[in-house]
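Reader: I would like to go through this structure step by step, with each answer ending on the value or name I ask for. Could you take the questions in turn?

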Amino acid sequence: MVAAQAPLQDAWRCFSSGPDYRQDVDAINDLFAEAREEIDCAREDSETTYFNDSVEDAKKIVDNCIEKWDALLARLSPEEKAKMQRSMGLKMEQLKAEFDILSKTHLQE
C-alpha cells in the first residue's frame with residue numbers, strides 16, 4: 001500500500017494552503033486496498049458456493065469506498081477537485097471497472 005500512496009505525496013502539496021484532507025484520502029486509500037482484496041477473493045471463489053457471498057462483501061466495500069470518494073470530491077473547490085481527480089481518479093475508475101467485470105461474472109454464474 002505504500003507504493004499506492006507514494007504518488008499522493010505530491011497531491012498534498014496542492015492542498016497545503018487549504019483544509020487538510022489527508023485523513024480522508026488515507027481512509028479512501030485503505031478502503032481501496034480492502035476493496036481490491038475483496039474483489040480478488042471473490043474471483044478466487046468464482047467456482048465455489050462462496051462466490052455470491054464474496055461478491056456481496058466486495059460490493060459493500062467498493063460502494064463504501066466510492067461513496068467516500070464522491071463525498072470528498074463534493075467538499076472540494078473546483079480547482080482542488082480537478083487536482084484530486086488527477087491524483088486518484090484513475091484508480092477509482094479502475095476499482096469501478098474491476099467490480100463491474102466481477103458483477104458480470106456473477107450474473108453469468
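Reader: How many aromatic pairs does a search of the whole structure find?

Author: The model discussed here is a predicted one, and the search for aromatic pairs was run over the whole structure. A pair would need ring centres within 6.5 Å of each other, and the number of aromatic pairs found is zero.

Reader: Which residue lies over the face of Phe 32, and at what distance from the ring centre?

Author: Phe 32 itself is among the buried residues of α3. A charge counts as sitting over a ring if NZ of Lys or CZ of Arg is within 6 Å of the ring centre and within 35 degrees of the ring normal. The residue over the face of Phe 32 is Lys 91, and its distance from the ring centre is 4.6 Å.

Reader: What span does α3 reach from its first C-alpha to its last, and what span does α4 reach?

Author: With 23 residues, α3 reaches 33 Å, close to the 33 Å expected at 1.5 Å a residue. For α4, which has 25 residues, the expected value is 36 Å, and the span from first C-alpha to last is close to that, at 36 Å.

Reader: Which residues does Glu 98 touch, not counting residues up to four places away in sequence?

Author: Glu 98 is found in helix α5, residues 78-108, and counts as buried because its relative accessibility is 12%. Ile 39, one of the residues it touches, is also listed among the buried residues of α3. Leaving aside residues up to four places away in sequence, Glu 98 touches Arg 36, Ile 39 and Arg 43.

Reader: Which residues does Ser 54 touch, again not counting residues up to four places away in sequence?

Author: Ser 54 is found in helix α4, residues 51-75, and at 9% relative accessibility it counts as buried. With residues up to four places away in sequence left out, Ser 54 touches Ala 42 and Asp 45.

Reader: What is the mean pLDDT of the chain, and how many contacts does the stretch of residues 1-8 have beyond near neighbours in sequence?

Author: The mean pLDDT of the chain is 85, with 79% of its residues reaching 70 or more. Over residues 1-8, however, the pLDDT is below 50, and the number of contacts this stretch has in the model, beyond near neighbours in sequence, is ten.

Note on methods:
Residues are numbered from 1 along each chain as its sequence is written. This is a predicted model: local features need pLDDT of at least 70, side-chain atom pairs count only at pLDDT 80 or more; totals for chains, interfaces and linings use all residues. Side-chain values use heavy atoms; hydrogens and water are left out. Helices (H or I, at least four residues) and strands (E, at least two) are DSSP runs, numbered from the N terminus. Buried means under 20% relative accessible area, exposed over 50%, partly exposed in between (1.4 Å probe, protein chains only). Contact means heavy atoms within 4.5 Å. Rings of Phe, Tyr and Trp (its six-membered ring) pair if their centres lie within 6.5 Å; planes under 30 degrees apart count as stacked, over 60 as edge-to-face and the rest as tilted. The expected span of a helix is 1.5 Å times one less than its number of residues. pLDDT is the predictor's confidence in each residue, from 0 to 100.
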